[in-house]
Amino acid sequence: MSSLINTVCRSHRSRIARIGIALGFLLTTFAFAQNLNLRPPTGAVAGKAASLGVDGSGSATLYLMGPAGSVKRDIQLGNEISLSAKELQAAGRYVAVVCSGDCSSVGFFVASSKPVTLTFLVHPSRAPVAENDAISGVALAFDEFHNLVMKPVSLRFELSAKGVPPISRTSETHDGIAWFRSNSGRSAGPLQITASLTDDISTRRVVQEVASVPCNLRIKGERTPKGIVIETDPVRDCSGNPVPDGTVVTFTAKGSGATSSVDAPVKQDVARATILANGPVSISAASGVAMGNELRVGGKE
Amino acid sequence: MKSSTSKFWLRSLSRAVILFVVAFFFSPRASAADSSPQVTLNVAKVAPREVETLTQRSIVRDYRFAWANLDLALESNSAGPLNGLFVGPANASLNEAVRSQKQNGITSRYLNQSHKLDAVFYAPEGDVIELHDTAEYDLEILDGSKTIHSEHAIVHYVVLMTPGADRWVVRQLQSVAQF
């Protein structure tokens with residue numbers, strides 16, 4: 001190479017020219033690459049085989065870099081390169097590189113396949129009855145390779161409880177997601193919520209609807225040798241559902257310039273307490289924001 | 001006089017050219033390799049739930065950390081950096097990507113990352129958020145020490161994040177041709 005350059009450039013003025021030629025040679029060398037003209041697959045779908053077109057001749061090395069793995073294998077140029085279904089399971093962007101001395105590359109996308117599973121999140125697990133927007137659910141559609149299906153699909157949400165006609169609504173996924181929000185029912189008990197793609201592809205969740213806060217407290221009582229025994233009528237919410245055992249009812253007694261109170265849990269729908277007072281007293285009850293009637297009990301004889 | 005001046009300039013030019021060639025081919029490539037990913041989050045169009053300010057900060061922080069470790073995992077072919085940051089399908093995919101790279105003697109690097117996140121869905125109970133990430137980075141793929149692919153890429157990702165014990169984790173990281 002140096003002799004070639006020296007032959008061409010003899011005088012000292014051509015030093016610049018020699019340098020220029022050397023640079024040009026280097027740049028030409030690095031600029032030159034075998035153009036393999038890679039042709040990517042079009043419309044590739046996850047889990048389906050595809051092929052990559054490549055020109056040229058001789059042997060080369062294929063690298064396939066995908067979202068969930070990479071492949072490296074020897075290939076013959078000039079043939080269509082098969083990409084197996086397993087190599088294309090993950091949806092997303094792939095880069096195919098073919099190296100034969102120098103390397104050429106091309107990118108392409110693999111779309112998700114048809115939806116076959118649903119991920120369904122429902123909240124809460126227990127909801128008080130008769131409350132607006134108390135229950136919500138989010139459903140996501142995935143294909144068999146756990147790729148999120150971005151193409152809109154139609155989902156049906158169905159809410160059914162005992163003794164009540166089921167409520168059904170259809171929603172289309174947007175960006176892979178569909179969601180709903182609903183009021184809770186008036187009766188306590190399990191509420192079954194189903195998200196369905198088809199009759200065969202559905203997921204079910206259960207929300208336990210429980211009694212809301214106590215409503216319309218009523219008390220009755222009488223003086224006994226052991227004290228004033230106070231008892232509530234069956235404690236229910238405003239929809240008539242019995243409140244759960246353990247709900248606290250506070251009894252307050254006022255008399256002779258003194259006030260005392262006692263907390264009693266509901267057991268089998270009723271709360272009971274015994275208040276010690278000799279003189280006449282006025283007794284009331286409260287639970288949450290619900291107030292009961294006032295009971296006047298005369299003094300001890 | 002004229003001849004000595006010319007010689008001086010010729011010598012200077014030739015030295016400059018040689019220095020340029022040497023610097024171009026032998027300088028370290030990753031001058032910005034130490035910079036962590038740049039992440040911004042836009043919540044203007046999110047529904048049905050608004051993203052609280054503290055949640056926004058957490059998501060940006062945790063997403064940046066996830067991508068920094070994704071690069072580290074694929075550069076070092078070690079799945080360790082992915083632990084606790086990726087769960088579910090994202091974790092499975094990336095673990096397999098690391099395993100197969102290692103098997104084939106390949107590494108990859110995601111340099112100079114920039115992520116513009118748009119929150120498009122935030123569940124009513126706050127248990128899942130969907131983000132659209134317009135990611136920009138310099139991707140390098142190496143077979144051993146030889147670079148077989150290098151590009152400046154702009155890639156769109158659909159991201160699902162869910163709240164973990166002490167951070168938001170990436171559950172789905174799926175690139176798409178367009179949003």
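Is Ala111(A) buried, exposed or partly exposed? Ala111(A) counts as partly exposed, with 18 C-beta neighbours inside 10 Å. The scale behind that word is simple: a residue is buried if 20 or more other C-beta atoms lie within 10 Å of its own, exposed if 12 or fewer, and partly exposed in between, with C-beta atoms placed from the backbone.

This is a predicted model: local features need pLDDT of at least 70, and side-chain atom pairs count only at pLDDT 80 or more, while totals for chains, interfaces and linings use all residues. Residues are numbered from 1 along each chain as its sequence is written, and chains are lettered from A and ligands numbered from 1 in the order in which they are written.

Stay with Ala111(A) for a moment. Ala111(A) is found in strand β7 (residues 102-111) of chain A. Helices (H or I, at least four residues) and strands (E, at least two) are DSSP runs, numbered from the N terminus. Leaving aside neighbours within four places in sequence, Ala111(A) is in contact with Ala44(A), Val45(A), Ala46(A) and Ala91(A). Contact requires that the C-beta atoms of two residues, placed from the backbone, lie within 7 Å. Val229(A) is another matter. Ala111(A) and Val229(A) are 118 residues apart in sequence, and 73 Å separate their C-alpha atoms.

Move on to β11 (154-161) of chain A. In a regular strand the side chains alternate between the two faces of the sheet. β11(A) shows this pattern: Leu155(A), Phe157(A), Leu159(A) and Ala161(A) point to one face and are buried. Strand β12 (residues 164-172) of chain A runs antiparallel to β11(A), joined by seven bridges. Pairing here takes at least two bridges found by DSSP between two strands. Leu155(A) stands opposite Ser171(A) in β12(A). The hairpin of β11(A) and β12(A) has two residues between the strands, and Gly163(A) takes a positive phi near 80° there. β11(A) also pairs in the antiparallel sense with strand β14 (residues 189-196) of chain A, over six bridges. On that side, Arg156(A) stands opposite Ser196(A).

His146(A) lies in the loop between β10 (135-142) and β11. His146(A) is not a glycine, yet has a positive phi of about 65°. His146(A) is buried, with 21 other C-beta atoms within 10 Å. Gln268(A) also has a positive phi, near 50°, in the loop between β21 (258-265) and β22 (272-275) of chain A. Gln268(A) is exposed, with 8 other C-beta atoms within 10 Å. A cis peptide bond joins His123(A) and Pro124(A), with omega about -10°. Pro124(A) is found in the loop between β8 (117-123) and β9 (126-128) of chain A.

Now turn to chain B. Five strands form an open sheet in the order β1-β2-β3-β4-β5, with mixed pairing. β1 (38-42) and β5 of chain B are the edge strands, each pairing on one side only. From one strand to the next, the twist averages 25°. Helix α2 (residues 53-76) of chain B packs on the sheet and touches β1, β2, β3, β4 and β5 of chain B; its direction makes about 160° with that of β2(B). Angles run from 0 to 180 degrees between N-to-C directions, and axes are lines fitted to C-alpha atoms, for helices over the stretch in contact. β1(B) and β2(B) pair in the parallel sense over five bridges, and Thr40(B) stands opposite Lys116(B) in β2(B). α3(B) lies across β2 and β5 of chain B, at about 65° to β5(B). A cis peptide bond joins Ala47(B) and Pro48(B), with omega about -5°; Pro48(B) lies in the loop between β1 and α2 of chain B.

How do the chains meet? 32 residues of chain B are in contact with 34 residues of chain A. The largest share of chain B's side, seven residues, comes from α3(B).

Of the 89 residues in the largest nonpolar core, Met161(B) and Val170(B) touch the most other members. Such a core is a set of buried Ala, Val, Leu, Ile, Met, Phe, Trp, Tyr and Cys residues joined through C-beta atoms within 7 Å.
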